[in-house]
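Here are a few exercises to work through with the model open beside you. Try each task before reading its solution.

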Amino acid sequence: MLGIIFIIYGINMYFTQWARVMARYREIGTMIAIGGKVKQILSMLLIENIIGTFFVAISGITLGLITTRWIQASEILNHTSFSIIFINTPVLLTPVWAIWVTLLFAVLINTAATIYPIFKAATLNPIKIIRTH
């Protein structure tokens with residue numbers, strides 16, 4: 001089940017990153033036209049992507065932890081069918097290593113989904129990119 005979630009997440013990130021890179025084709029074409037190397041463009045956009053992914057993943061993990069603590073502290077579970085399924089089970093069972101693994105997988109999957117669109121854009125003809133976009 002977790003593998004399916006990671007595959008769906010990876011496909012979603014690939015198309016999101018493809019659209020993000022396509023929106024910056026003109027900028028990438030300009031960088032190539034003034035002498036930027038593929039390695040420089042790839043590293044610049046990958047570092048930007050890794051930093052952005054890290055902060056988004058941290059905020060998502062924080063929001064998830066806050067939400068689970070709120071659910072655990074409130075009386076919501078005592079009045080729903082959820083408590084029938086998970087009788088006497090604490091809601092917050094998140095070890096620290098699981099948070100780090102989640103953060104690592106988010107950054108790795110997003111980085112892997114970004115490499116091809118950036119490389120593809122960085123190897124195109126700059127005149128064609130600037131003219132069409």
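Helices (H or I, at least four residues) and strands (E, at least two) are DSSP runs, numbered from the N terminus. This is a predicted model: local features need pLDDT of at least 70, side-chain atom pairs count only at pLDDT 80 or more, and totals for chains, interfaces and linings use all residues. Residues are numbered from 1 along each chain as its sequence is written, and side-chain values use heavy atoms, with hydrogens and water left out.

**Exercise 1. Find out how many helices and strands the protein chain has.**

Step 1: Count the runs, and you get six helices and zero strands.
Step 2: Walk along the sequence and the pattern reads α-α-α-α-α-α.
Step 3: Check burial (buried means under 20% relative accessible area, exposed over 50%, partly exposed in between, with a 1.4 Å probe and protein chains only). Of the 133 residues in the protein chain, 26% count as buried.

**Exercise 2. Work out how α3 and α5 are oriented to each other.**

Step 1: Take the axes, which are lines fitted to C-alpha atoms, for helices over the stretch in contact, with angles from 0 to 180 degrees between N-to-C directions. Those of α3 (residues 38-73) and α5 (residues 96-122) come within 8 Å and cross at roughly 150 degrees.
Step 2: Angles under 35 degrees count as roughly parallel, over 145 as roughly antiparallel, 65 to 115 as roughly perpendicular and the rest as oblique. So α3 and α5 are roughly antiparallel to each other.
Step 3: Sort the contact residues of α3 with α5, and you find 19 nonpolar, six polar and no charged.

**Exercise 3. Say which residues meet where α2 packs on α3.**

Step 1: The α2 and α3 axes are 10 Å apart, at an angle of about 145 degrees.
Step 2: Look for contacts (heavy atoms within 4.5 Å). Ile28, Met31 and Ile32 in α2 meet Ile41, Met44 and Leu45 in α3.
Step 3: By class, the contact of α2 with α3 has six nonpolar residues, no polar and no charged.

**Exercise 4. Decide whether Arg24 is buried or exposed, and find its partners.**

Step 1: Arg24 sits in the loop between α1 (2-22) and α2 (25-33).
Step 2: Its relative accessibility is 18%, so Arg24 counts as buried.
Step 3: A polar contact is a pair of N or O atoms within 3.5 Å; within protein, one must be able to donate a hydrogen and the other to accept it, and residues adjacent in sequence count only if both atoms are side-chain atoms. The Arg24 side chain makes one with the side chain of Glu27, at 2.9 Å.
Step 4: Skip the neighbours within four places in sequence, and Arg24 is in contact with Leu45 and Glu48.

Key
Nonpolar A, V, L, I, M, F, W, Y, C, P; charged D, E, K, R; others polar.
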